[in-house]
Amino acid sequence: MRALKKLLTQLTDKKFNKKVFRQQGAEVYIMIDHDQRLKPIIGIASIYFVDKMTGTQCFVEDVVVDNNYRGKGLGRKLTEHLIATARERKAKCIDLTSKP
C-alpha cells in the first residue's frame, strides 16, 4: 500500500482511501516495471461501474503514472485498457474528468 500512496501523491494531495479495494463495482489496475529488480509500481488507474435503470455507467478515476516514466504512452495504455474493459462490460457511458 505504501507504493500506491506514494504514487497517488503525484496526482493529488488527498489521502489514500484503501476502502476502494473492497468497494463493489470498483477495479484498480496497477502497472509494474518488470525490467527493474524490485518491480516498482509505475502506474495506477481505477474504474467504477454503476448499474442504472438506463444501463451500466462507468467512471475512470485516479489515472497516474510515476514522474520518472511519463512521456512514454503509459497513461494512454492504462486509459485504453479501462475503455476496453468498459466496452466488454457493455457500459453505456464512460465518464472521465481531469484536473488541468
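Rings of Phe, Tyr and Trp, the last represented by its six-membered ring, are taken as a pair if their centres lie within 6.5 Å. By this rule, the count of aromatic pairs in the predicted model shown here comes to zero.

**Figure 1. Overall architecture of the predicted chain.** Two helices and four strands make up the secondary structure of the chain. Read from the N terminus, these elements follow the order α-β-β-β-α-β. The chain comprises 100 residues, of which 32% count as buried.

**Figure 2. Close-up of the largest nonpolar core.** This core contains 13 residues, and Ile 47 and Leu 74 have the most contacts inside it. Two or more residues are contributed by each of β2 (41-52), β3 (55-65) and α2 (74-88). A second, separate core consists of five residues, including Leu 4, Leu 8, Ile 44 and Val 64.

**Figure 3. Surroundings of Ile 47.** With residues up to four places away in sequence left out, Ile 47 touches Gly 25, Ala 26, Glu 27 and Tyr 29, among others. Further along the chain, the residues touched by Ile 47 include Cys 58, Phe 59 and Val 60, as well as Leu 82 and Ala 86.

**Figure 4. Arg 89 and the ring of Phe 49.** The charged end of Arg 89 is placed over the ring of Phe 49. Its distance from the centre of that ring is 4.7 Å.

Figure 5. Most residues other than glycine have a negative phi. Asp 62 is not a glycine, yet its phi is positive, at about 55 degrees. The residue is found in strand β3. Asp 62 counts as partly exposed because its relative accessibility is 32%, a value between the limits of 20% for buried and 50% for exposed.

Figure 6. Lys 90 lies in the loop that runs between α2 and β4 (93-96). The relative accessibility of Lys 90 is 63%, so the residue counts as exposed, the cut-off for this class being over 50%.

Key: Residues are numbered from 1 along each chain as its sequence is written. This is a predicted model: local features need pLDDT of at least 70, side-chain atom pairs count only at pLDDT 80 or more; totals for chains, interfaces and linings use all residues. Side-chain values use heavy atoms; hydrogens and water are left out. A nonpolar core is a set of buried Ala, Val, Leu, Ile, Met, Phe, Trp, Tyr and Cys residues joined through side-chain atoms within 4.5 Å. Buried means under 20% relative accessible area, exposed over 50%, partly exposed in between (1.4 Å probe, protein chains only). Contact means heavy atoms within 4.5 Å. Rings of Phe, Tyr and Trp (its six-membered ring) pair if their centres lie within 6.5 Å; planes under 30 degrees apart count as stacked, over 60 as edge-to-face and the rest as tilted. A charge sits over a ring if NZ of Lys or CZ of Arg is within 6 Å of the ring centre and within 35 degrees of the ring normal.
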